[in-house]
Amino acid sequence: MTNHLSPLDIAFLAMEGNSNPLHLGAVATFTPTNLVHPARIAAVLCERAAEVPRLRARARTGLLGGARWVEDPGFVPEDHVFTHHVRGRDRFATLISHLMAQPLDLARPPWELHVVTGLSGGRFAVFAKLHHSLCDGMKAVGLGLQLFDASRLSNRDVAEPVSRSGLPSFLPSLPSFLPSLPSLRGIKDTLDIASSVLSQTRPPTLGSPVLSSSPRPRRVVMSRVDLADVHRIRRAHGGTVNDVLLALVTGALRQWLSAHDSAGPSSVVRALIPVNQRARAGGSCGNSISGFLLSLPVGEPDAASRLRSVRSQMESAKAAGPDRGAGALPLLADRVPPFLHRLAAPVAARCAPLLFDTLVTSVPLPSVPLALDGAALTEMYPVAPVAPGHAVGVALSVYRSSVHVCLHTNQSWMSDSQWLDGVLRRELAALSSSRELVGSLS
């Protein structure tokens, strides 16, 4: 059975580069009740990965630039699962940063799992890499959940469960080497989306720290905050948990930019906020995303005002829908013939700074307790890819009682977990001590 890649999936394949690999990452840490044997954890992962058809597939390019997923006849799960041993938080972060920087082999199923032992308290971690052509964030969660202990999961917890009898079904209307013919309405919609995307382009801000062509290696920086604190702020100020998280990110970026004298009163950072379109796409495989474009008010000194601005922009963006503006770039990409992606995608990838300054993505996780070989999942940090010319990407996830925040950056000032811990604590304190919150609690 075959499964055709969408034009957007092909775009992610075509934009792959050695200095800017386009895979998603995730760092999961576990607390076992018994002594950890890394070889056993690796064997469990290999056994379960072999039962997931999507993980046995590699991309095969067809005529006119199209591609399809085909089962790799030489697939061996052990070729994708590795073990490491490190001691200390800094060495662990260095290892994850190094692994995230290494491109996946696109000639075989594009994923890897790395088991890391030696963490404090007897914990271990699993670092997952999945190429963006294979999945978006929500699909990645669905694939990952199939590797956890089945006794902890129900069918609804596994996003898009996949039959174990073969690759996911897909019924194309035409052979893979023939592009489908768009309707006149479809052509008009495409032109409207293209016009709205192009209208949002602007010259990059020269000298902005959020934009960087530096060859310095990127580092993965992880921190977490208490979800109860976020909910307390949300109840006082209104809005959603994501509004509060975006305000925290805005405040952290402000502190970083202020240290570089780059946070004037009117300064903003344009952030692309991915929006899942899977319900609209009818449960399709691959990528089903669009996005919102927000101007994060990093020049605003008051934390509560920053939150109000973020909340207002998000409400406006949701009301307008994800089909317009620079955030609709993924929708536009999904309407472009595959052969054009093969020609233009590498160039288009380098034009990201014309549209936005950074990516801020939130990955949804189920709230049920999860475990791997009986070891409880305690943390889950998503790691976002970073577009060429960008200095930092931000990814967040909420699991159980914590919010997990991950920066992927080549800026040395931000490449320290203690710095990230400190700025997030200060932003939480600033929002908690705002006049709005004090008044609501009095």
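1. For the protein chain as a whole, the mean pLDDT is 82, and 75% of the residues reach 70 or more. This is a predicted model, in which local features need pLDDT of at least 70 and side-chain atom pairs count only at pLDDT 80 or more, while totals for chains, interfaces and linings use all residues. Residues are numbered from 1 along each chain as its sequence is written, and side-chain values use heavy atoms, with hydrogens and water left out.

2. Now to a sheet. An open sheet is formed by 3 strands in the order 1-4-3, with antiparallel pairing. Strands (E, at least two residues) and helices (H or I, at least four) are DSSP runs numbered from the N terminus, and two strands pair if DSSP finds at least two bridges between them. Strand 1 (3-4) and strand 3 (57-61) are the edge strands, each pairing on one side only. Strand 1 is joined to strand 4 (residues 67-71) by 2 bridges, and Asn-3 stands opposite Trp-69 in strand 4.

3. Next, have a look at helix 6 (residues 227-237) and helix 7 (residues 241-259), which pack at an angle of about 105 degrees with their axes 9 Å apart. The axes are lines fitted to C-alpha atoms over the stretch in contact, and angles run from 0 to 180 degrees between N-to-C directions. Helix 6 is therefore roughly perpendicular to helix 7, a label given to angles of 65 to 115 degrees. Helix 6 contributes Val-230, His-231, Ile-233 and Arg-234 to the contact, and helix 7 contributes Val-241, Val-244 and Leu-245.

4. Finally, two aspartates deserve a glance. Asp-261, in the loop between helix 7 and strand 9 (269-276), has a phi near 55 degrees, a positive value in a residue other than glycine. Its relative accessibility is 75%, so Asp-261 counts as exposed (over 50%; buried is under 20%, partly exposed in between, with a 1.4 Å probe and protein chains only). Asp-373 lies in the loop between strand 12 (371-372) and strand 13 (375-383), and its positive phi is near 50 degrees. Asp-373 counts as partly exposed because its relative accessibility is 27%.

Conventions. pLDDT is the predictor's confidence in each residue, from 0 to 100. Angles under 35 degrees count as roughly parallel, over 145 as roughly antiparallel, 65 to 115 as roughly perpendicular and the rest as oblique. Contact means heavy atoms within 4.5 Å.
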